[in-house]
Amino acid sequence: MTSEHQPVPCDLSIEAGWVVPVEPHAVVLEHHAVIVDKGVIADVLPIAQARQRYAPAQTVGRPESALIPGLVNAHTHNPMTLLRGIADDLPLMEWLQGHIWPVEAAVIGPQFVEDGIALSIAEMLRGGTTCANENYFFPDVQAAVYKRHGFRARVGLPVIDFPTAWAKTSDEYFDRAGEVHDLWRDDALVATAFAPHAPYTVSDANFERIRMLADQLDLPIHLHTHETAQEIADSIKQYGQRPLARLDRLGLVSDRLIAVHMTQLTDAEIELCAQRGVSVVHCPESNLKLASGFCPACKLHHAGVNLAIGTDGCASNNDLDMFGETRTAAILAKAVANDAKALDAFSALRAATLGGAKALGFDAKIGSIEVGKQADLVCVDLGQLETQPVHHVVSQLIYATGRHQVGDVWIAGKAKLRERVLVDMDTAALVANARQWRERIAAIAR
């Protein structure tokens, strides 16, 4: 006599001690399985039921681990990982104009971009990050490298008011942006965004052109703004307006805007961002290290502004550790607001996952463990000494967990890290390549 209900075949069952879906908010599911089929989350249910209902081709049992959505690094300059540590302990403009830009000008090119991103992908995967919002030159190379390694990304199409190795004139920046966008417009993993550098390096005319094209192509606009007090003072002197007011005059303050840093904000500007649906990317460690100021994360959160977390580039952070970044964001928010309840652990994790996904326009696909979404998933081992005892899973994830506790990572259901080992990347080769870049860069920076 055959069973009335045959188990349903599927690709993968991940059985975890805890599943933290992020949506619904502030929920932790104990002893649950996440069923993955064809790269998509097919079910979330108790382990005992999963074993009765499904016949997976592979089962991964992680009874001491928390399964979370892949972390979304909402602001990166990943080729700059090769510049990690070359000019530390300096304020923003001295760091940028006196050190980073001159060295960058000497080494920038397709190979620099390719090698920097490959190194970054390996670091991000080992730290539980499955998606990055990229802002750098040679987006064509960036997109190809992210795709080759099966990593999810939104790649910025740069616009800046001076010649670079990528483009010499405004028309060339826009022409090349259009070409890259056309190549990647239908890709499952890699998408594009406009990435004007900052209000102080982009003209009104180019901002207006970006706004028009972003509307036509349905693209986000990824922009550093309100990063320092000096930026605000310079904008008032040059334009008679603070940067956000100028951007609003030009039609850019909308739900397309991914506003990065935002350390200098009035209550009225926070309310404007909330009304218009702006997403703010908080990069606390870069801002702290460059003494740029403090993003009012708690005020933004309470106003209803979508908050995301980014590491910034390794030249100013100096790592791509989203666990460390999210912890800093949560703790700093409490100090800035003078409120120990500010940006609680659940809200911080949400900012690092679904908040980032929403900022990038990817929230229908990733950012939470929900049926129908892409299986971008991370197992975090909480069984280690450093996270014992486990009284509160999400508190442990935000306040105690190190990125070394990331055990397994999947992107669109494909294993990218298995028990701390990168599945399809050669770690030794990446390290050797980074060392030869160190020699080249050291010869220039002397």
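This is a predicted model: local features need pLDDT of at least 70, side-chain atom pairs count only at pLDDT 80 or more; totals for chains, interfaces and linings use all residues.
Residues are numbered from 1 along each chain as its sequence is written. Local features need pLDDT of at least 70, side-chain atom pairs count only at pLDDT 80 or more, totals for chains, interfaces and linings use all residues, and side-chain values use heavy atoms, with hydrogens and water left out.

Helix α3 covers residues 110-126. Helices are DSSP runs (H or I, at least four residues), numbered from the N terminus. The expected span is 1.5 Å times one less than the number of residues. Just after α3, Gly128 adopts a positive phi of about 85°.

A nonpolar surface patch is formed by Leu288, Phe294 and Val336. Together they present about 250 Å² of accessible area (Shrake-Rupley method, 1.4 Å probe). Patch residues have over 30% relative accessible area and no salt bridge, and nonpolar side chains are joined within 5 Å. A salt bridge is a side-chain nitrogen of Lys or Arg within 4 Å of a carboxyl oxygen of Asp or Glu. Leu288 sits in helix α10 (residues 284-289). Its relative accessibility is 38%, so Leu288 counts as partly exposed.

Ser347 belongs to helix α13 (residues 345-359). Ser347 is buried, at 7% relative accessible area. Leaving aside residues up to four places away in sequence, Ser347 touches His25 and His301 (heavy atoms within 4.5 Å).

Technical notes:
Helices (H or I, at least four residues) and strands (E, at least two) are DSSP runs, numbered from the N terminus. Patches are made of residues with over 30% relative accessible area and no salt bridge: like charges are joined within 9 Å, nonpolar side chains (Val, Leu, Ile, Met, Phe, Trp, Tyr) within 5 Å. Buried means under 20% relative accessible area, exposed over 50%, partly exposed in between (1.4 Å probe, protein chains only).
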